[in-house]
Amino acid sequence: MKMKYCLVLLLLAGLKCFGQDYKAQIEEFRNKYKNDFLTDASSPLKKDDLAFLRFYDADSTYRVVATQQLLPNEATFVMPVFSGTGQQYVRYALLKFVLKGKPMQLTVYRNIALAQLPDYKDYLFLPFTDDTNGTDTYGGGRYIDMSVKDFNGNSVVIDFNKAYNPYCAFSGKYSCPKPPDENHLQIAIPAGEKLFAGEKKH
């Protein structure tokens, strides 16, 4: 009994340690995300605007492992945008996972033009909408960045804590891809970036 009790304590200590490490990882990710606004010449935000960025607390239950189904030989299509001209994408893989006890799926896409650039040849795009949009999060949905290198095995990690707002959430001067209808999750995803608390620029 004493040995079993010790094992339980060790397990709990390990979980606590993982939780602390995970929060630190998300904090590091968000600090880099904020810094990118200051180094991107086309950024909609300045240093003073960063104080109005808001996020849900890091929650590892919204980091899920999905089974992947690659989609070879898919036809290209133009992903719609909220304004302006869309760009060509191709469906790269179908991701199936369980979140809060519910089976779900999302499609990850590859931008045809970006794939021709050396710095973005491995870049994959995961846009989605969920039931927080328009209330706690940006009404147009959020994005998650992924990479071809994430797809080495039969599964891939989707971390909703890394979901971020498109530039359209901060300014009306941008043309941002609209998440396809197939990527609407019929559940609230209280993870990642919230609505911008500052004034939207025009």
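1. Let's start with Ile-144, which is found in strand β6 (helices, H or I with at least four residues, and strands, E with at least two, are DSSP runs numbered from the N terminus). Ile-144 counts as buried because its relative accessibility is 4%; buried means under 20% relative accessible area, exposed over 50% and partly exposed in between, with a 1.4 Å probe and protein chains only.

2. Which residues does Ile-144 contact, leaving aside its neighbours within four places in sequence? They are Leu-124, Phe-125, Leu-126, Phe-128, Ile-158, Asp-159, Phe-160, Ala-163 and Tyr-164, where contact means heavy atoms within 4.5 Å. Lys-200 is 56 residues from Ile-144 in sequence and 22 Å from Ile-144 in space, C-alpha to C-alpha.

3. A word on the model itself: it is predicted, local features need pLDDT of at least 70, side-chain atom pairs count only at pLDDT 80 or more, and totals for chains, interfaces and linings use all residues. Residues are numbered from 1 along each chain as its sequence is written, and side-chain values use heavy atoms, with hydrogens and water left out.

4. The chain averages a pLDDT (the predictor's confidence in each residue, from 0 to 100) of 90, and 91% of the residues score at least 70. Where pLDDT is low, the predicted coordinates should not be read in detail.

5. Rings of Phe, Tyr and Trp (its six-membered ring) pair if their centres lie within 6.5 Å, with planes under 30 degrees apart stacked, over 60 edge-to-face and the rest tilted. Tyr-33 and Tyr-164 form a tilted pair, because their ring centres are 6.0 Å apart and their planes lie at 50°. This pair links distant parts of the chain, 131 residues apart: Tyr-33 is in helix α1 and Tyr-164 in the segment after β7.

6. Are these two tyrosines buried or exposed? Tyr-33 is buried, with a relative accessible area of 12%, and Tyr-164 counts as buried at 16%. Both belong to one aromatic cluster, whose members include Phe-37, Phe-125, Tyr-143 and Phe-196.
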